[in-house]
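Let's walk through this structure together, starting with the overall fold and then stopping at two residues. Have the sequence and the 3D view ready as you read.

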Amino acid sequence: MKKNILKATLVAAFGLIAGFNVYNSQKSDVMSDLALANVEALADDAESGEDFTNGTDCVAVWENYTCRGKDGKLYSYSIPKANS
């Protein structure tokens with residue numbers, strides 16, 4: 001009798017855990033408007049790259065170079081537009 005109760009308890013616990021996991025996996029995470037705007041801004045290369053290049057006469061690069069912009073400021077990770 002005790003073995004049957006233990007088996008039934010284990011089956012019920014397993015079913016409860018499985019059901020809880022299925023329920024949690026069906027929830028959808030919604031991005032906030034701010035997070036979505038940040039993703040869109042990072043994905044839009046034309047907006048950020050051209051504005052930076054036109055405003056400073058420097059081009060962004062992955063290497064650690066420095067460019068002095070036409071405004072006199074130093075910009076890290078960029079090279080002069082003429083060298084690109």
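Helices (H or I, at least four residues) and strands (E, at least two) are taken here as DSSP runs, numbered from the N terminus. Please keep in mind that this is a predicted model, in which local features need pLDDT of at least 70 and side-chain atom pairs count only at pLDDT 80 or more, while totals for chains, interfaces and linings use all residues. Residues are numbered from 1 along each chain as its sequence is written, and side-chain values use heavy atoms, leaving out hydrogens and water.

The protein has 3 helices and 4 strands, and from the N terminus they follow the order α-α-α-β-β-β-β. Of its 84 residues, 10% are buried, where buried means under 20% relative accessible area, exposed over 50%, and partly exposed in between (1.4 Å probe, protein chains only).

Now find S78, which sits in strand β4 (residues 78-80). S78 counts as buried because its relative accessibility is 0%. Not counting residues up to four places away in sequence, S78 touches F52, C58, V59, A60, V61, Y65, T66 and C67; contact here means heavy atoms within 4.5 Å. The side chain of S78 also reaches the backbone oxygen of Y75 at 2.7 Å.

For our second stop, is K70 buried or exposed? K70 is exposed, because its relative accessible area is 55%. K70 belongs to the loop between β2 (66-68) and β3 (74-76). Leaving aside neighbours within four places in sequence, K70 contacts N54, G55, T56 and D57. The C-alpha atoms of K70 and G55 are 7.8 Å apart, with the two residues 15 residues apart along the chain.

Note on methods
Polar contact = N/O pair within 3.5 Å; in protein donor to acceptor, adjacent residues only side chain to side chain.
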